[in-house]
Amino acid sequence: MTWHLKEKLQKIMDNEQGAMVFAPGSRQGFALVYPNTYHVGMSNLGFQIIYQQINQRGDTACERLFLPDRKTEPEYIRTNTPLMTIETQRPLYEFPLIGVALTFEMDYFNFVSILSLGKVPVLAADRGETDPFVMIGGPCATFNPEPLADFVDFCIIGEGEEVIHEILDIYYQGREKGLLRREILFNLAQITGVYVPCFYQPIYKEDGTIDHIVSTKGVPERVKRRFISDLDQYEAQTVVVTSDTEFKDLFLIEVARGCGRHCRFCMAGYCYRNPRVRSLEKLKVAITKAKEFRSKVGLMGAAISDYPEIDALCKEVLDQGMYMSVASLRADSLTDGLVEALAVSKHKTITLAPEAASIRLRRIINKSITNEHLYNSIKMAIGAGIPHIRLYIMIGLPFEEQEDIEEIVTLAENIKNYMESLGSKGKLTLSVNPFIPKPFTPFQWMAMPPMGVVESKLKFLSSSLRQRKNIEVLVDSPKESYMQAVFARGDRRLSAVLLEAHSRGGSKGFKQAMKANQCTEEQYLYRQRDEQHEKLPWEHLDMGLDSSYLVRELETAKKEIFTAPCAQGCTRCGVCKKQ
């Protein structure tokens, strides 16, 4: 029953603090969608940042909508009830503007489902003058929105805090003037950081690669990303407090954005450079705010231990009588102060990300961490009373050899021996993930190894370490990783695949949908791209990098040469020359 579904949404909001609800008709409506469950979506800080930015305007009421859980979705279908927002239980199709935050490729299936369940025309071409405008933003929209091009009216390329206001201003001006849908889209395309797919058409060669991209007269040939130069201008912390998240006891605070370490596999390190930090004074204000709701803060950023005032920040958290948590840490920038703060905060595990075990492979991927760094970090952690260690490892990396896989086993055994020599009886966990080549990285041209090869390597790791007490090997599903990889470097033809997969039950129908649309895994996964001549599906998006920079970095990787981190005055990649 519809009343039961509405009641469930109302109960969700009853358990929240900070949600913003406005009287019906007092503001224009904006539906902010996360294409996964409430539990997952409310764990995303970027989603909450945009929610706050829109609602701070005097003219727009931003309401949240999520994918129903498995028990609730059948009830929407059975009663033919459109998906509704949390705040006012308003159907999705009634909102003039819909914004979708896309962080993971596997959520593409959910995105299509949400449009369908929300009674919104799924294809952009089928939307008329009275239908909603559908935009996407977030990491996936930034580095390659092409697989979703047929479903979206426009995309935010880059960071959204500033551009969302320009988008809303142009949209409202267009409505006031009575402009047609396409005219409003044309005006939106003039905004830096806004990509309107219908104005860009890829032309394919006979071999299935892109020959060129035709852009409509009057729109930029390349769409530049948006970039927030001063993070202190915008708050970035938990807005709606709820216990139903991955971080139920944490108040999240963004400390830094971007990363200047140049890890060659990391999209975020290239699309969000150069690295920026919030001032300690702004963070102190955020910590004071956090104290109203939680006793523990989660410090967010690509490399928290790289924050230049990390010890002072940790001291501030503890001085305010609070605890803290972080994600993974850089073994080469870990401090005693940070480790002590984590120990006081009752952390039982410290997470490090060497990504590769062999020094050769670390040079290739530009991971500057040495084994000495790892051992020093482990010594600090155990000395502070943190017993467990977790390591992030990737397999299937470019130029990887069997010896590199064997070195993972050796490294794990040596670290476990070292932990025991320090008196620790804690667990060593290896979190092992298949490597996925991403756009705007030096490895964007690389072929992936066959899935069977990766599966055999995972089995080798598991069997080699199975008998060692207190060593745990956790592996991601290669099947799912390879599906993500198709979308990560996919082109516009995958929109038809997604639509077909939706009709076949979502991700479980993906392989059949690929076949039905004459798309092959060989084409997207196992083919080496020509870095000199092939036009990639995302090349009309501009992250500020010099055109030759990624090619040079790939050659540097092949030579196993290290690239130094970002530094003041450096212009080698081109980003800082163009800001």
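This short talk walks through a few places in one predicted model.

Some ground rules before we start. Residues are numbered from 1 along each chain as its sequence is written, and side-chain values use heavy atoms, with hydrogens and water left out. Because the model is predicted, local features need pLDDT of at least 70 and side-chain atom pairs count only at pLDDT 80 or more, while totals for chains, interfaces and linings use all residues.

Helices and strands here are DSSP runs, numbered from the N terminus: helices are H or I with at least four residues, strands are E with at least two.

Let's open with a sheet. Strands of a sheet pair through backbone hydrogen bonds, either parallel or antiparallel. Two strands count as paired if DSSP finds at least two bridges between them.

Now look at β13, residues 296-300. It is joined to β14 by 4 bridges. Gly298 stands opposite Ser325 in β14.

Next, two residues that are tucked away. Buried means under 20% relative accessible area, exposed means over 50%, and partly exposed is in between (1.4 Å probe, protein chains only). Contact means heavy atoms within 4.5 Å.

Ala31 lies in strand β1 (residues 28-34). Is Ala31 buried or exposed? Buried, because its relative accessible area is 0%. Leaving aside residues up to four places away in sequence, Ala31 touches Glu63, Leu92, Phe95, Leu97, Ile98 and Gly99. Pro96 is 65 residues from Ala31 along the chain, yet their C-alpha atoms are separated by 8.3 Å.

Asp107 is found in the loop between β3 (97-101) and α5 (108-117). It is buried, yet it has no salt bridge. A salt bridge needs a side-chain nitrogen of Lys or Arg within 4 Å of a carboxyl oxygen of Asp or Glu. The nearest side chain of opposite charge is Arg70, 11 Å away. For charge, Lys and Arg count as positive and Asp and Glu as negative; His and the chain ends are not counted. What does Asp107 touch? Tyr34, Pro35, Asn36 and Leu102, not counting residues up to four places away in sequence.

On to helix α21, residues 549-558. It is mostly covered, with 7 of its 10 residues buried. Among them are Tyr549, Leu550 and Val551. The cover includes α9 (267-271) and α13 (359-365). After α21 comes Glu560, with a positive phi near 60°.

Gly569 lies in the loop between α21 and α22 (575-578). Gly569 is exposed, because its relative accessible area is 66%.

Last, the cysteines. A disulfide is a covalent bond between the sulfur atoms of two cysteines. Here it is counted as a pair of cysteine sulfur atoms within 2.5 Å. How many disulfides does that give? The count is 0. Cys198 has its closest cysteine sulfur in Cys155, 10 Å away, so that is too far for a bond. For Cys570, the closest is in Cys566, at 6.4 Å, also too far. Cys570 is partly exposed, at 24% relative accessibility.
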